[in-house]
Every structure is written in C-alpha cells, then in structure tokens.
Amino acid sequence: VYVSNQMRTEELAALDAAHHLHPFTNGDELNAKGARVILRAKGVTLTDSEGNDILDAMAGLWCVNIGYGREELAEVAARQIRELPYYNTFFQTTHVPAIALATKLAELAPGDLNHVFFAMGGSDANDTNIRMVRRYWAAKGKPEKQVIISRKNAYHGSTMGGASLGGMAAMHKQGGLPIPNIVHIGQPHWYAEGGEMSPEEFGLMRARELEEKIAELGEGKVAAFIAEPIQGAGGVVIPPESYWPEIQRICDAHEILLIADEVITGFGRTGNWFGSQTLNIRPHIMTIAKGLSSGYAPIGGSLVCDEVAEVLNGSGEFAHGYTYSAHPVAAAIALENLRILEEEKIVEHAGTVAGPYLAEKWAALADHPLAGEARSIGMMATLALTPDKASRAAFASDEGTIGLICRERCFANNLVMRHVGDRMIIAPPLIMQPSDIDVMIERAVRSLDETY
Ligand code: PLP
C-alpha cells in the first residue's frame, strides 16, 4: 500500500489501527473510532485530514516552544544532513554541532551547570542520571550511596529507569517497577491532598518528608533527590511557596545530589530560561529535552555541574552512552532553536507578555460552575474540575471521566487541551499572542459549558 496525505481519513485511520501501536493509549478504544490524523502545522495551529484548524494548547507534548513551521530549522537540518548526517562521540571523536550545542547550553544554564551528556529525550536522560549519580558516589569512595528519592505522581519518563523514578501508580502497576533503590515520598499537591492545612504548612510538611526519608534510610545510602520544579504530567502541580526553599535547605544540609527534571520547565516554559531560576533552585544535575529542540528533533540530555563532571572525568571510563548521543542533525536543530528563542526574545515574551496575559484570563476560569482552582505559571496552567468549590472535592464516582469528557469537547471544538484525572492542563507554544489566548479561552469556556 502506498500511504500518502492524499488518502481519505478513513483509509489512513484504518491502516493506523491495523499497524500502529500508540503510546499511552487504549488501543481498542482508539481503533473503534479512529485516530485523528494531523497533516501539517504552522505557528500555534494544527491542520487535520478533514481540513480543520486546531489550536494546539499543549505545544505537541509540551515541546514546540517556538511554534510550528520554522523554515530555518528545516534549512539547518538539510544542511547538516548534507555535511555530516551522523557521527558518534564515543571513541575519542567529536563534531562541531555537539561542541556548539554543549557550549551554548553551558552559557544559558544557571550556576556552574557547564557540562552536558546527551541523550535522545527525557526518559533516557534520566536513565543516564541514575547511572551517573551512582557512578559519582562510587568514584568518591561511597558506593553504598545508591538510593534515589523521588515523588509520587512525578513523571520522569517511560523507560525502566525513567518510569521507576516517576511515581505514576498506573505505570508501576503494569509490572517490574520501580527497579531497586528508588523510593518515593509525597508530592506538594495542596489542592488535592492538603486537607485543612494552609498551603504553606502543607508545603513544609511535604518537603520535610525528604528529610525524614533520608534519616530513615541513612544519609550514607542516599545518592540523590529528583523532582520536576513543577510537576507537569502529574497535573501542573504548582507547589506552595514554602516547598522549594525547604527542599533546597535539606539537600544542602545532607550529602545528596539534587536533580531538577526540567524536561518540561526548561527553555522558557515558566517565563525564565529554566524553572530552577523561577523557583530559585540550585540543582547539581538538570534533565533537559523537549523545548531544547522545540520538538523538531529528538534530543535531550543531562546538564551537569563542575564538581560532578570533574569527578566523572577523573574516574576512568563511564561505561554509558547512546548511538545517538549528540546526534549531529538533532544538535544542529537544537542550536538553531536556541538561537531563535534567544534572538526573538521568546522567553521574555513568555515571561512578560504571554504569561501574564494567560494568568489573568486563566484565573477567570475559576468562576465557571465546574471549576475549582485555576492557576498558571509562565506558559503552563491547570484547572481543577470539582463538584464543590469549597471542599475542593474530586468527582469521586468516576475519577477522570469528567476530565475526559471535557478534553473530548475541547477536541471537538478544535482545541487541544489535556486532562489528568479531573484536571485540565495546558502548555501552549511560547509564541502565543494575546489574540491566540483569547481564542483558546473562548473555546475552553465553550467546552466547559458543554461538559457542565
Ligand atoms: N521528564 C519529564 C518531566 C517529562 O515531562 C517527560 C515527558 O513528558 C520526560 C521526563 C520523558 O521525556 P521523553 O518522553 O522525551 O522520554
């Protein structure tokens, strides 16, 4: 069969159902109705095979920060493929895109995160982190420091390592997870779990679970703590202000490494280059992916501070790496993406124009009869759906159903929003203009009305 974008939607969907296994999807359910086929995209808008224009309030999967259809990236990719489509960086070789991207990342990253180990995405970068922090402590004569502490409802990827670091109950239930020496503490999700406590009290309590866990395991056993500055896939959980300063204090007071998973929060999402800057966190290692290339090529990595890099470099061969670590085409695309983000001041736009405008419009959604908290930070936002605003109750009988209905109403209204249980979340391209945000909010309200 010759498949082309000239085919009818039904034919495409039928072939998709016959041969394509989708990630994080109930296959039978999808195949019964057929997947929506996206043909092309420009700016903040997707076009499907029926000719509908869909506003993408998720920037793909939180990644298309500069928006779709940038010719410069296509040109850079073509040029790099002609010049050097592939070479590795394993056995005493390197190449210019790898050097250029690593140098640029060292310049952009906060503190002394001056070194980068490249991967293809966020999951495998977090796998690198597991191996790297254990290698680091072994090299320092403390091989018993093995345990990595993470959080429930965190998302750190879908490989065995990434999913083990993650605290997604549904993923762990599907077997073999977490791998040994990864433990989870509570999340700073005040709205869902804070009960009668104030957000600040609750934030402190949840941060102190880290100190309790370190004491329980013994400091000599703990290698690192990993967390997303703001949990993304967990529902855009913006922690109480008391949370991160206390976590930072605990990490400083005990001998453990702090890993900030900035796969979502990096590259402008929170209104600064990195979420660590927005939340005043000083990580030793930072996971990056997604916005690094704005999704135009699969690339991720671990940004590493001077001290950790020095120990790694000084301890013989780190027996780890991927065929496509620092893939030259992906690296060249990422570098061009960073140039566009920087020269067009897109991060500043997210922080000072689009972000504040979104904050104002999004907060007003809390007035909808279905809505509880409506919050945003930079260009990511969350809306809780609740039957009772005062008690912040969840829709208990069928957790997630109302969110699913709302998401489907949004999709029917040509708006991509995501749901996590009974929460609606967005992370649109950072280039959104106030007029795009108006359209997004208008479609969101219409979809909420239809859900109600
Ligand atoms: N870490 C975080 C915080 C993420 O949100 C994700 C993906 O959504 C990942 C890691 C995994 O990245 P990837 O899907 O590129 O492997």
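1. Let's start with strands S2 (residues 45–48) and S3 (residues 53–56): they run antiparallel and are joined by three bridges. Within that pairing, Thr-47 has Asp-53 of S3 as its bridge partner. A word on terms: helices (H or I, at least four residues) and strands (E, at least two) are DSSP runs numbered from the N terminus, and two strands pair if DSSP finds at least two bridges between them.

2. Before going further, keep in mind that this is a predicted model, where local features need pLDDT of at least 70, side-chain atom pairs count only at pLDDT 80 or more, and totals for chains, interfaces and linings use all residues. Residue numbers start from 1 along each chain as its sequence is written.

3. S2 and S3 belong to an open sheet of four strands, ordered S1-S2-S3-S13, with mixed pairing. At its edges you'll find S1 (38–42) and S13 (415–416), each of which pairs on one side only.

4. The other sheet to look at is also open and has four strands, in the order S11-S12-S15-S14, and here the pairing is antiparallel. S11 and S14 (418–420) are the edge strands with a single partner strand each, so one side of each has no neighbour in the sheet. From one strand to the next, the twist averages 20°.

5. Zooming in on that sheet, S11 (residues 371–377) and S12 (residues 380–385) pair antiparallel over five bridges. Arg-375 has Thr-382 in S12 as its bridge partner, while Ile-377 stands opposite Met-380 in S12. The two strands make a hairpin with two residues between them, and Gly-378 in the turn has a positive phi of about 55°.

6. Which helices lie across these strands? Helix H15 (residues 346–363) lies across S11 and S12, running at about 175° to S11. H16 lies across S12, S14 and S15 (423–426), at about 180° to S14. The axes are lines fitted to C-alpha atoms, for helices over the stretch in contact, with angles from 0 to 180 degrees between N-to-C directions.

7. H16 (residues 401–412) also meets H17 (residues 434–451): their axes come within 8 Å and cross at roughly 130°. That makes H16 oblique to H17; under 35 degrees would count as roughly parallel, over 145 as roughly antiparallel, 65 to 115 as roughly perpendicular, and the rest is oblique. Ile-402, Ile-405, Cys-406, Arg-409 and Cys-410 are the H16 residues in this contact, and the H17 side includes Arg-443, Ala-444 and Leu-448. A contact here means C-beta atoms, placed from the backbone, within 7 Å. By class, the contact has six nonpolar, two polar and three charged residues. Ala, Val, Leu, Ile, Met, Phe, Trp, Tyr, Cys and Pro count as nonpolar, Asp, Glu, Lys and Arg as charged, and the others, Gly among them, as polar.

8. Now the ligand: there are 17 residues around it, and Gly-121, Gly-122, Ser-123, Gly-157 and Val-263 come nearest. Being near means a C-beta atom, placed from the backbone, within 6 Å. Helix H6 (residues 122–139) gives the largest share of the shell, three residues. The shell holds six nonpolar, nine polar and two charged residues.

9. Two backbone spots deserve a look. Most residues other than glycine have a negative phi, and most peptide bonds are trans. The Leu-177 to Pro-178 peptide bond is cis, with omega near -5°, and Pro-178 is in the loop between H8 (169–173) and S6 (182–185). Asn-280 has a positive phi near 60° and sits in the loop between H12 (275–278) and S9 (285–288).

Technical notes
Two residues are in contact if their C-beta atoms, placed from the backbone, lie within 7 Å.
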